[in-house]
Amino acid sequence: MNLTQRAVGAIVGSAVGDALGAPFEFGPPGAFSARFPLPSAGGEMSGGGGWDAGEATDDTQMAVHIAESLLEHGGLNLPDIFTRFQRWAADDPKDIGLQTEDVLTRGLPWDQAATAHYRSSHRAAGNGALMRATPSAVYFARDGRQATMDAARHIAALTHGDPAAWEGTAIFHDLMRTALNGADPVDQLSQTLAAVHPDHRQRYATVLATDWHPDHATEFNGSVWPCLGSAVWALRTTRSYEDAVRVALDLGGDTDTVAAVTGGLAGAVYGPTAIPTRWTDPLHIPLPGSGGRILRLPHLLDLARDLTERPSTN
Ligand SMILES: [Mg+2]
């Protein structure tokens with residue numbers, strides 16, 4: 001499998017996880033399997049809870065806005081990503097994280113809004129930057145560990161003032177880089193952790209350890225630490241894209257995001273042919289802030305290829 005195929009797996013895999021998880025958001029553990037007990041039986045892209053069958057949520061919508069900014073500007077343009085986020089937030093998305101909404105609607109400049117929110121709330125370690133990171137992880141993978149982790153931190157900081165959210169997103173970027181290179185991201189965790197800011201390394205080492213289980217989480221999985229830990233746990237304890245996403249969905253809680261993060265990594269590891277067409281056929285992404293566009297699979301394939309095959313900046 002080549003890099004582009006893995007990138008397609010990542011981009012599509014994340015969006016599929018998001019859409020599968022949307023109807024189960026904030027539900028109890030096991031709800032997905034209770035409704036769909038037989039793996040591969042079909043019908044899982046069923047919609048519900050206000051979501052149409054196959055409809056992706058804010059996770060994928062924000063991810064697409066990042067992807068389109070990177071491609072249109074030929075690199076990282078933070079004010080432009082922030083402006084796109086603001087346009088999206090103002091266009092009435094069905095779902096938007098509390099923290100993200102507060103930051104984007106404050107009317108403060110791109111480089112001050114998240115910091116101001118963090119200073120007043122002291123709560124900014126949600127998974128809302130991690131959930132949208134697959135396209136930027138694909139785009140910056142070729143620039144190496146340090147560069148991709150730094151890009152992750154900068155994009156995360158647009159909406160999340162807590163460095164814990166930056167570091168979690170940076171770890172995801174590096175895991176994705178490893179997976180896109182055809183290596184096992186779990187095998188190289190110690191090298192990824194060595195590049196994490198020392199203030200945050202131990203806490204991530206805990207949730208990424210082989211003996212960690214989502215039941216050990218000390219926060220709701222809408223927080224960045226257990227969300228990332230759960231995605232890596234799902235990847236580590238299964239052997240297919242489908243199974244990884246199923247166990248992620250069955251954790252309950254913030255199901256769309258945990259499955260989007262899991263699906264991105266599992267898609268890169270197992271590739272696009274491992275993602276069932278019964279899940280990709282109904283997939284669609286209404287994109288607030290884009291003049292009413294609704295994206296489908298062919299658009300995601302183009303995005304993944306363009307993100308991978310962009311001209312080198314080195
Ligand atoms: Mg969502």
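## Loop residues with positive phi

Ser40 is placed in the loop that runs between α2 (31–35) and α3 (58–73). Helices, as named here, are DSSP runs of H or I with at least four residues, and strands are runs of E with at least two, both numbered from the N terminus. The structure is a predicted model, in which local features need pLDDT of at least 70 and side-chain atom pairs count only at pLDDT 80 or more, while totals for chains, interfaces and linings use all residues. Residue numbers start from 1 along each chain as its sequence is written.

Although Ser40 is not a glycine, its phi is positive, at about 75 degrees. Ser40 counts as exposed, with 9 C-beta neighbours inside 10 Å. A residue is called buried if 20 or more other C-beta atoms lie within 10 Å of its own, exposed if 12 or fewer do, and partly exposed in between, with C-beta atoms placed from the backbone. Asp92, in the loop between α4 (78–89) and α5, has a positive phi near 60 degrees and is likewise a residue other than glycine. Asp92 counts as exposed, with 9 C-beta neighbours inside 10 Å. Most residues other than glycine have a negative phi.

## Overall architecture

The protein contains 16 helices and two strands. Its radius of gyration is 17 Å, close to the 20 Å that the globule rule gives for 314 residues, so the protein is as compact as a globular protein of that length. This radius is taken over C-alpha atoms, and the globule rule is 2.2 Å times the number of residues to the power 0.38. Along the principal axes, the C-alpha atoms fill a box of roughly 50 × 45 × 40 Å.

Of the 314 residues, 54% are buried. Among contacts between residues at least 6 apart in sequence, 74% join residues at least 24 apart. Two residues are in contact if their C-beta atoms, placed from the backbone, lie within 7 Å.

## Annotated binding site

An unreviewed UniProt entry places the feature "binding site" at Thr57, Asp58, Asp59, Asp254, Asp256 and Thr257. The UniProt positions follow the numbering used here, feature names are shortened, and annotations may be inferred rather than shown by experiment. These residues span 201 residues in sequence, yet no two of their C-alpha atoms are more than 12.4 Å apart, so they gather at one spot.

Asp256 is part of helix α14 (residues 255–270), and it is buried, with 27 C-beta neighbours inside 10 Å. Neighbours within four places in sequence aside, Asp256 contacts Asp18, Gly21, Ala22, Glu25, Thr57 and Asp59. Thr257 also lies in α14 and is buried, with 31 other C-beta atoms within 10 Å. With neighbours within four places in sequence again set aside, the contacts of Thr257 are Asp59, Asn127, Met131 and Cys227.

## Nonpolar core

The largest nonpolar core has 101 residues, of which Val138, Met176 and Leu228 touch the most other members. Helix α9 (residues 163–180) gives the most to this core, with 10 residues. Such a core is a set of buried Ala, Val, Leu, Ile, Met, Phe, Trp, Tyr and Cys residues joined through C-beta atoms within 7 Å. Beyond neighbours within four places in sequence, Met176 is in contact with residues including Ala10, Thr134, Val138 and Leu265.

In helix α6 (residues 113–121), the buried residues are Ala113, Ala114, His117 and Tyr118. Viewed down the axis of α6, they fall within an arc of 130 degrees, so they line one face of the helix; the arc is that of the directions from the helix axis to the C-beta atoms. An α-helix has 3.6 residues a turn, so residues three or four places apart point the same way. The buried residues of α6 pack against α5 (98–104), whereas the face turned away from them carries the exposed residues Arg119 and Ser120. Just after α6, His122 takes a positive phi of about 55 degrees.

Helix α13 (residues 241–249) is mostly covered, with seven of its nine residues buried. These are Tyr241, Ala244, Val245, Arg246, Val247, Ala248 and Leu249. Their covering includes α1 (3–21), α2, α12 (224–236) and α14.

## Ile275

Ile275 occupies the loop between α14 and α15 (277–280) and is buried, with 25 other C-beta atoms within 10 Å. Apart from neighbours within four places in sequence, its contacts are Gly9, Val12, Gly13, Val16, Tyr241, Gly267 and Thr280. Ile275 and Pro198, 77 residues apart in sequence, are 37 Å apart in space, C-alpha to C-alpha.
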